[in-house]
Amino acid sequence: MSIVDKTVIAPSLLASDFAHLANAATECANGGAEYLHFDVMDGRFVPEITFGSQAVRSLRMLSQAFFDVHLMIVEPEKQIQGFADAGANGVTVHLEACTHLHRTLQHIRDLGMKAGVAVNPHTPVSALEFVMELTDLILVMTVNPGYGGQSFIPAMLPKIREAKQLAARATHPVHVEVDGGISPYTAGSVAQAGASALVAGTAIFGAKGSTAEAIAALRTAAIR
């Protein structure tokens with residue numbers, strides 16, 4: 001599945017009820033979400049601790065969605081094999097957490113997964129210029145990572161446009177994903193800036209209506 005030609009919705013399970021992860025995954029798939037986004041936190045790179053590869057493995061049997069794993073951890077290279085074995089389709093690591101980013105991205109690809117790089121709000125996307133041949137996804141953080149429910153940082157819109165320009169210069173498809181404060185109120189401007197995948201947690205799992213209705217609202221708002 002290419003996510004360049006359409007806006008993909010990636011529900012973040014971080015905002016779901018952890019006692020009912022399987023139900024959340026099923027509702028997202030039935031609601032039309034192409035991706036499931038796993039925010040993996042270690043209590044070191046970010047303050048919180050969430051889930052690991054076992055959650056991916058458990059849900060893999062229940063869903064055909066693209067499993068989009070976002071490693072907010074130090075030394076991510078030590079965990080990549082485990083997530084590959086668990087059934088992840090793509091793994092995104094933070095530029096700020098990788099001493100040898102080029103090698104880490106190559107390892108992700110060698111294991112048959114899509115390789116992504118996330119950049120925190122203070123990190124320029126130009127830092128990715130020399131690893132673009134190994135990058136399948138640029139994840140622009142529009143909040144500081146570590147907590148769900150934060151407000152979108154409007155100053156990141158020019159950065160999304162810059163990421164799109166960088167992706168357009170690559171010789172292979174490179175997707176621009178945005179994570180943080182995504183809602184029907186921000187999805188339009190983010191999509192117009194160049195994002196092709198939207199990570200949303202509270203806007204989906206905290207919505208008053210059904211999961212399907214929340215996903216549809218985001219997709220409608222993101223029509224470019």
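1. Among contacts (heavy atoms within 4.5 Å) in the protein between residues at least 6 apart in sequence, 67% join residues at least 24 apart. This is a predicted model, so local features need pLDDT of at least 70 and side-chain atom pairs count only at pLDDT 80 or more, while totals for chains, interfaces and linings use all residues. Residues are numbered from 1 along each chain as its sequence is written, and side-chain values use heavy atoms, with hydrogens and water left out.

2. Overall form. The C-alpha trace spans about 45 × 35 × 35 Å along its principal axes.

3. Secondary structure and burial. There are 8 helices and 8 strands. Both are DSSP runs, numbered from the N terminus: helices are H or I, at least four residues, and strands are E, at least two. Buried residues make up 54% of the 224. Buried means under 20% relative accessible area, exposed over 50%, and partly exposed in between (1.4 Å probe, protein chains only).

4. Helix α2 (residues 53-60). Its buried residues are A55, V56 and L59. Seen down the axis of α2, they fall within an arc of 100°, so they line one face of the helix. The arc is that of the directions from the helix axis to the C-beta atoms. Their cover includes α1 (21-30), β2 (35-41), β3 (66-72) and α3 (80-86).

5. Helix α4 (residues 101-110). L101, T104, L105 and I108 are buried. Seen down the axis of α4, these buried residues fall within an arc of 95°, so they line one face. R103 and D110 are exposed on the other side of α4. Cover for the buried residues of α4 includes α3, β4 (90-94) and β5 (114-119). Just after α4, G112 takes a positive phi of about 85°.

6. H94. This residue sits in strand β4. H94 is buried, with a relative accessible area of 0%. A polar contact of 3.0 Å joins the side chains of H94 and E96. Such a contact is a pair of N or O atoms within 3.5 Å; within protein, one must be able to donate a hydrogen and the other to accept it, and residues adjacent in sequence count only if both atoms are side-chain atoms. Leaving aside neighbours within four places in sequence, H94 is in contact with residues including F45, H70, M72 and P145.
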